[in-house]
Amino acid sequence: MTAPGPRTLDLPSRPSWRDRRLHPEHSRGLRLTLAATAAFLVLVPFTLLALLVVASWRPLRRLDLAVTDALVGYGLENPAWVRVLNVWTDVFGPMPLRVGALVLVIWLAGRGARQLAGWVATTMIVGGLLGPLLKLLVGRARPDFPEPLAQAVGLAFPSGHALNATLAAGVLLVVLLPRAGRRGGYAVWVAALLLAVVTGFSRVALGVHWTSDVVAGWLLGAAVVAATAAAFTVWRVVTPAAAPPGIARTAGD
């Protein structure tokens, strides 16, 4: 009778990068892939729009002028409408939104959600830095009307109001949607859309931005939210009990 040979341990094989990225059980990699793809797809139309603005593409210039002329003309005939838009654009301007984001960061950190607080801060800071930098690179002048409805300084492309409102809308969705029920989720979506859309629209209606400036602000804001979400997904904690075989625990809060 022969002695049994040494037993070998059946260790789980480490899944390939592609399997970890696409397999539904590896949700961290799947979220990372989707967020990075979303950021890329949003940046493509933003880049194309920026190139058209730099090249002074005539059809885009005609469209911008036609829309802004029509909205400013309506505002000149309806002063109450202008007052409402001015209040909205002041309340939801970049600085008030940044102050609100800071309060949210402090609240999240106090509740132990340090990684989420870091994401909110990073998203607002990155977007806040990219906006002025791109304004300098593109160098587009703001609309100039004989009877302006509002005053604004600096360059036009992209709209800082539209950019920061989109960043804030993305923060609302990421932070509040998981904490809201079904009806609450609808309210969060409506609030986020109103914040981004109405703020951007108000800048064109007041004659301080072209339509393409606002669209660029929306696109850039969405790209920043998707990109920072992808970056912070990499740092997400996978607990030992929930970690799939072959996936090591990552560092985090």
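**A helix contact and its surroundings**

Tyr74, Gly75 and Glu77 in H3 meet Pro79, Trp81 and Val82 in H4. Sorted by class, this contact of H3 with H4 has four nonpolar residues, one polar and one charged. Keep in mind that the model is predicted.

Now look at the angle. The axes of H3 and H4 come within 5 Å. They cross at roughly 115 degrees. Angles of 65 to 115 degrees count as roughly perpendicular. H3 and H4 are therefore roughly perpendicular to each other.

Two residues of this contact, Tyr74 and Trp81, also belong to an aromatic cluster. Phenylalanine 46 sits in helix H2 (residues 27-54), phenylalanine 157 in the loop between H6 and H7. The two are 111 residues apart, so the pair links distant parts of the chain. Both phenylalanine 46 and phenylalanine 157 are buried.

Tryptophan 81 and phenylalanine 201 form an edge-to-face pair. Here the centres lie 6.2 Å apart, with 65 degrees between the planes. Tryptophan 81 is in helix H4 (residues 79-91) and phenylalanine 201 in helix H8 (residues 182-205), so this pair ties together parts that are 120 residues apart in sequence.

Move to another residue of H8. Glycine 200 is placed in this helix. It is buried, with a relative accessible area of 0%. What does glycine 200 touch beyond its neighbours within four places in sequence? It is in contact with Ala162, Val214 and Trp218. Serine 159 is 41 residues away from glycine 200 along the chain, yet their C-alpha atoms are separated by 7.8 Å.

Side chains of opposite charge can pair when their charged atoms come close. A search of the whole structure finds two salt bridges. In one, arginine 140 meets aspartate 64, at 2.8 Å from N to O. Aspartate 64 lies in helix H3 (residues 58-77) and arginine 140 in the loop between helix H6 (114-138) and helix H7 (160-176), so this pair ties together parts that are 76 residues apart in sequence. Arginine 140 counts as buried at 13% relative accessibility. Aspartate 64 counts as buried too, at 2%.

Which residue forms the other bridge with arginine 140? Aspartate 213 does, and the closest N and O atoms are 2.7 Å apart. Again the pair links distant parts of the chain. Aspartate 213 is in helix H9 (residues 211-234), 73 residues from arginine 140 in its loop. Both of these residues are buried.

Asp64, Arg140 and Asp213 are linked in a network of salt bridges. So trace H3 once more on the screen: aspartate 64 lies in this helix, and Tyr74, Gly75 and Glu77 in H3 meet residues of H4.

How values were computed: Residues numbered from 1 in each chain as written. Predicted model: local features only at pLDDT ≥ 70, side-chain atom pairs only at ≥ 80, totals over all residues. Heavy atoms only, no water. Salt bridge = Lys/Arg side-chain N within 4 Å of Asp/Glu carboxyl O. Helix = DSSP H or I, 4+ residues; strand = E, 2+ residues; numbered from the N terminus. Buried < 20%, exposed > 50% of the residue type's maximum accessible area, 1.4 Å probe, protein only. Phe/Tyr/Trp six-rings, centres within 6.5 Å; stacked < 30°, edge-to-face > 60°. Axes fitted to C-alpha atoms, helices over the stretch in contact; angles between N-to-C directions. Parallel < 35°, antiparallel > 145°, perpendicular 65-115°, else oblique. Contact = heavy atoms within 4.5 Å. Nonpolar A, V, L, I, M, F, W, Y, C, P; charged D, E, K, R; others polar.
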